[in-house]
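Biologist: I'm new to this one. Could you pick one part of it and take me through that part slowly, with its surroundings?

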Amino acid sequence: MQNPMVAVSDADWRICASVSAERRDLLLKGAPSSASLIAIFGKAATFQAEAGCLKISWQEASEAPGHFRVEATVFVTSEQFDWIFNGSTGYRAAYWISVDEGLSFNCQLLQSIEPAFRIAWLGCARQVSWEHARLSLLGKHSKLWAPERKIFAPNECEDWGAYGLLIPDRWKGNGYNEGTRLPMPWPPRLEVKGTFINAAGHDWLPNKKAQRHEDIHETGFT
């Protein structure tokens, strides 16, 4: 799979004038190439793994007992988060272009962190082998996303900020406004969630996530 070549024009990747000029320039003109962003993310994960602070868990699906997935958080700088998640060469921009471009970006971000996750996984005792956990990390339903509000953990709630700040026409005009926000979690980080698999390696996906990639393309949110 080739590296994605995401570059949405300023005319299409529209940002509200109320956003500061400094941040607008960061998102529209200062963003590195999509391939560079993938490398930046991989390096951040590797640095944390080698420092012993990349925390990975093996979580069971509440709706499908016996199916587990890899879950982890990769910390980045605020600038890197904006580039990767909100910028015109980043993750959501790839999905804005097409579902296929979004899938490619998603897949390659996951591949970029595989070496780091292996280091962290092998660094302590685990329920399952790395070979099995790797199936989850690189599974067909694996993904990245920004932290969202967690009802069960109120002290970790994240506010995605005001609506109507990121306003490409398709997302602005579809009547579903979640994707028009420009989140900035604190500390800046991205969540990695693998594919739920069972002991035989068979995957499971919640019905509500069956159209995830199409939803991001159409609305900027899932």
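Modeller: Let's start with I97, which lies in helix α4 (residues 91-97). A quick word on what you're looking at: this is a predicted model, where local features need pLDDT of at least 70 and side-chain atom pairs count only at pLDDT 80 or more, while totals for chains, interfaces and linings use all residues. Residues are numbered from 1 along each chain as its sequence is written, and side-chain values use heavy atoms, leaving out hydrogens and water. Helices (H or I, at least four residues) and strands (E, at least two) are DSSP runs, numbered from the N terminus.

Back to I97: its relative accessibility is 34%, so it counts as partly exposed. On that scale, buried is under 20% relative accessible area, exposed is over 50%, and partly exposed is in between, using a 1.4 Å probe and protein chains only. Setting aside residues up to four places away in sequence, I97 touches V6, A7, V8 and H217; contact here means heavy atoms within 4.5 Å. I97 also sits 10.0 Å from D12, C-alpha to C-alpha, though 85 residues separate the two in sequence.

Just past the end of α8, G220 has a positive phi of about 80°.

Now for how α8 meets α5. Two packed helices are described by the angle between their axes and the distance between the axes. For helix α5 (residues 99-122) and helix α8 (residues 212-219), the axes come within 9 Å and cross at roughly 115°. Axes are lines fitted to C-alpha atoms, for helices over the stretch in contact, and the angles run from 0 to 180 degrees between N-to-C directions. The α5 and α8 crossing is right-handed; that term applies if the near helix is turned clockwise from the far one by less than a right angle, and left-handed if anticlockwise. From α5, V99, L103 and N106 take part, and they meet R212, H213, E214 and H217 of α8. Sorted by class, that contact has two nonpolar, three polar and two charged residues. Ala, Val, Leu, Ile, Met, Phe, Trp, Tyr, Cys and Pro count as nonpolar, Asp, Glu, Lys and Arg as charged, and the others, Gly among them, as polar.

Further along α5 comes another partner. α5 packs with helix α6 (residues 130-137) at an angle of about 150°, their axes 11 Å apart. That makes α5 roughly antiparallel to α6, a label for angles over 145 degrees, with under 35 roughly parallel, 65 to 115 roughly perpendicular and the rest oblique. In this pairing, L110, I113, E114, F117, R118, W121 and L122 of α5 meet W130, A133, R134 and L137 of α6. The contact residues divide into eight nonpolar, no polar and three charged.

In the largest nonpolar core, which has 55 residues, W13, F41, F117 and V192 touch the most other members. The largest share of this core, eight residues, comes from α5. Such a core is a set of buried Ala, Val, Leu, Ile, Met, Phe, Trp, Tyr and Cys residues joined through side-chain atoms within 4.5 Å. Beyond its neighbours within four places in sequence, V192 has contacts including F41, L110, I113, F117 and L137.
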